[in-house]
Amino acid sequence: LALLIRPTITASTNYYVATTGSDSNPGTNASPWATLQKAWDYLTSIDLQGLPVGINVSNGTYAPLNAYSVISGQASIDSISYVGNVATPAACIISATNDDAVLAASGARFIMRGFKLTATGSGALQGVGIEAITGASVLFDNMDFGACGRAHFNANSNSTVAGFTPYTISGGAPVHISADQNGVASINEGTIVTLNGTPAFSSEFA
């Protein structure tokens, strides 16, 4: 009988993603990964032991993140942070074609900071900047929501998406904020939302 032991971290840890990287790299500052997805897939293989992890993303344009499952040893939602360019989110873009830019599902929990999100598509799990389903939770701050085919952020099936600190809307969508099936989508009281240009909402704002 083989005993599989999950690798653990022993201190707060930072990993790195850059357009110049490779997903066969170790995810260090000197040898970064190429995709946000690789970072999540790696976290699903280790035990955080209650320690925080930061995924530091360099400027550029990236493929979508599909984050599934609870991470072993994660103490709280802020134990995992994806951090792009907090000062200039438009310099660090997650672009989705017939997909969500960021999808959290099956209990996944994390924070997104400093990204511009765009997403096309109008079907299920398409066209949303940040979407949380099936018990997942995503917090975000210092974001820029570009054009999205279905909504800028959406929470359903007992999930949560919540915005904190100022953020920007630079592109239109049918709906900015959407929630259904016991989902909770919210903006923290006092949060300043800046409209860059004249983004249109063809259905309703919320």
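I began with Val161, whose bridge partner in β17 is Ala185. The two strands concerned, β14 and β17 (residues 184–187), pair in the parallel sense over four bridges. Before going further I noted that strands are DSSP runs of E of at least two residues and helices DSSP runs of H or I of at least four residues, both numbered from the N terminus, and that two strands pair if DSSP finds at least two bridges between them.

I also noted the basis of the entries: this is a predicted model, in which local features need pLDDT of at least 70 and side-chain atom pairs count only at pLDDT 80 or more, while totals for chains, interfaces and linings use all residues. Residues are numbered from 1 along each chain as its sequence is written, and side-chain values use heavy atoms, with hydrogens and water left out.

Next I followed β14 (residues 160–164) to β11 (residues 137–141), and found them paired in the parallel sense over five bridges; there Leu139 has Ala162 of β14 as its bridge partner.

I then turned to an open sheet of six strands, which has the order β4-β7-β10-β13-β16-β19 with parallel pairing. Because β4 (65–68) and β19 (201–204) stand at the edges with a single partner strand each, one side of each is left without a neighbour in the sheet. Direction ignored, neighbouring strands of this sheet are turned by 15° against each other on average, the axes being lines fitted to C-alpha atoms.

Within this sheet I looked at β13 (residues 151–156) and β16 (residues 173–180), which run parallel and are joined by five bridges. Phe153 is partnered by Ile177 of β16, and Ala151 stands opposite Val175 in β16. From β16 two bridges lead on to β19, again running parallel, and Ala173 has Phe201 of β19 as its bridge partner.

My last entry concerns Asp47, in the loop between α1 (36–43) and β2 (53–57). A polar atom of the Asp47 side chain does lie 2.8 Å from the backbone nitrogen of Gln49.

Note on methods
A polar contact is a pair of N or O atoms within 3.5 Å; within protein, one must be able to donate a hydrogen and the other to accept it, and residues adjacent in sequence count only if both atoms are side-chain atoms. Axes are lines fitted to C-alpha atoms, for helices over the stretch in contact, and angles run from 0 to 180 degrees between N-to-C directions.
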